[in-house]
Amino acid sequence: MSKVLKHVAIIMDGNGRWAQMRGLPRWEGHRRGVERVREIIKAAIKLKIEVLTFYAFSIENWQRPKKEVEIIMDLLKKHLQRELNNFLLQGIRFIMIGNRSFIPKEILDIIEKTERETTHCREIIAQFAISYSGRDEIIRSISKAIRQKIDPDKIDENIINSLLDTAGIPDPDLIIRTSGEQRLSNFLIWQSAYSEFYFTQTLWPDFTEDEFTEAILDFQKRQRRFGKISEFTRT
Ligand code: IPE
Ligand code: IPE
Ligand code: MG
C-alpha cells in the first residue's frame with residue numbers, strides 16, 4: 001500500500017433489508033451484521049490500518065420500535081462480553097464515541113469496562129459509534145468549551161478537535177457505506193471534511209473481507225488535493 005491510510009470509518013447499513021429479503025425478522029440481519037465486524041477488524045489489522053470506526057447505532061436510531069432497540073442493545077452487550085478476550089489477544093483497543101447519557105446503565109458499564117480493559121492494546125483502535133450523532137457531538141463540545149471557560153479568541157480547529165469524542169484520533173481517510181444509500185446520516189460530520197467516500201450496494205451482512213480490500217485498493221488510486229493543486233500539475 002502506498003498512500004497513507006490511517007483511519008477507515010464504516011456506516012454499516014442494510015441489516016434490516018438483508019433480513020426482510022429473506023423473510024426473516026430484522027434482528028436476524030443485525031445478528032449477522034455483528035459477525036461481519038469481527039471479520040473486518042481482522043482484515044484491517046492485516047492491512048495495518050490504525051483506526052477503524054463502525055457506525056453501530058445513531059441517536060436517531062433510538063426512535064426505532066422499542067423491541068428493535070432492545071434487541072440491538074442486547075446484541076451489543078453480548079458481542080462485547082464475547083469479544084473481550086479476542087480484543088485482548090489480537091491487541092484491539094475498544095473506544096466508544098457517542099452520547100453516553102442515553103445508554104442504559106447496564107450496557108454502558110460493559111462498554112466502559114471494555115474500554116478500560118483494552119486501553120493498553122496497540123494493534124488497532126476499534127471505535128464504535130453508539131448513540132452517536134455528529135451534531136450532538138459538536139453541541140457537547142461547545143458546552144465543554146463554555147464550561148472550561150476557553151477564551152473565545154483562542155478557539156481554533158485544534159481546540160475543537162480536542163473537545164470532540166474523537167480527540168486524539170486522526171480524521172477518517174475513507175468512509176465506506178453499505179446498502180446503496182449515499183448519505184452521512186449524521187456520522188462524523190466535522191471529521192469527514194476531506195474524507196474520501198466509497199459507496200456499495202452490498203448490504204452490511206454480506207460485506208466481506210474481499211470487498212473491504214477492494215475499497216482500500218480503490219482509495220489507493222485516488223488523488224487527494226485538500227484544496228491545493230496536484231504536485232504534478234504544470235502551472
Ligand atoms: C443498519 O441497518 C444498522 C442500524 C442502523 C442499527 P438498518 O437497520 O438501518 O437496515 P436497513 O437500512 O433498514 O436495511
Ligand atoms: C445510519 O443508518 C446509522 C447506522 C448505520 C448505525 P440508518 O439506516 O439509521 O440511516 P438512514 O435513516 O437510512 O439515513
Ligand atoms: Mg438503514
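This is a predicted model: local features need pLDDT of at least 70, side-chain atom pairs count only at pLDDT 80 or more; totals for chains, interfaces and linings use all residues.
Let's start at Asp 13: one of its polar side-chain atoms lies 2.8 Å from an oxygen atom of ligand 1.

**Contacts of ligand 1**

- Besides Asp 13, whose side chain makes the 2.8 Å approach, Arg 17 reaches an oxygen atom of ligand 1 with a backbone N or O atom at 2.7 Å.
- Arg 64 uses its side chain instead, placing a polar atom 2.7 Å from an oxygen atom of ligand 1.
- On its own, ligand 1 has 380 Å² of accessible area, and the protein covers 86% of it.

**The shell around ligand 1**

- Among the residues that surround ligand 1 are Met 12, Asp 13, Gly 14, Asn 15, Gly 16 and Arg 17.
- Helix α1 gives the most to the shell around ligand 1, with three residues.
- Sorted by class, the residues around ligand 1 are three nonpolar, five polar and four charged.

**Contacts of ligand 2**

- Arg 183 has a side-chain N or O atom 2.8 Å from an oxygen atom of ligand 2.
- Arg 64 turns up here too, with a polar side-chain atom 3.3 Å from an oxygen atom of ligand 2.
- For Arg 177, the distance from a polar side-chain atom to an oxygen atom of ligand 2 is 3.4 Å.
- Taken alone, ligand 2 exposes 390 Å², and the protein buries 78% of that.

**The shell around ligand 2**

- The residues around ligand 2 include Ile 11, Met 12, Asp 13, Tyr 55, Ala 56 and Phe 57.
- By class, the shell around ligand 2 holds five nonpolar, two polar and four charged residues.

**Residues in both shells**

- Arg 64 has a polar side-chain atom 2.7 Å from an oxygen atom of ligand 1 and one 3.3 Å from an oxygen atom of ligand 2.

**Aromatic pairs**

- Across the whole structure, a search finds eleven aromatic pairs.
- One of them joins Phe 54 and Trp 204 edge-to-face, at 6.4 Å centre to centre and with 70° between the planes.
- This pair links distant parts of the chain, as Phe 54 sits in strand β2 and Trp 204 in the loop between β6 (196-199) and α7 (209-220), 150 residues apart.

Note on methods:
Residues are numbered from 1 along each chain as its sequence is written. Chains are lettered from A and ligands numbered from 1 in the order in which they are written. Side-chain values use heavy atoms; hydrogens and water are left out. A residue is near a molecule or strand if one of its heavy atoms lies within 4 Å of it. A polar contact is a pair of N or O atoms within 3.5 Å; within protein, one must be able to donate a hydrogen and the other to accept it, and residues adjacent in sequence count only if both atoms are side-chain atoms. Accessible areas come from the Shrake-Rupley method with a 1.4 Å probe; for residues, only the protein chains shown count as cover. Helices (H or I, at least four residues) and strands (E, at least two) are DSSP runs, numbered from the N terminus. Ala, Val, Leu, Ile, Met, Phe, Trp, Tyr, Cys and Pro count as nonpolar, Asp, Glu, Lys and Arg as charged, and the others, Gly among them, as polar. Rings of Phe, Tyr and Trp (its six-membered ring) pair if their centres lie within 6.5 Å; planes under 30 degrees apart count as stacked, over 60 as edge-to-face and the rest as tilted.
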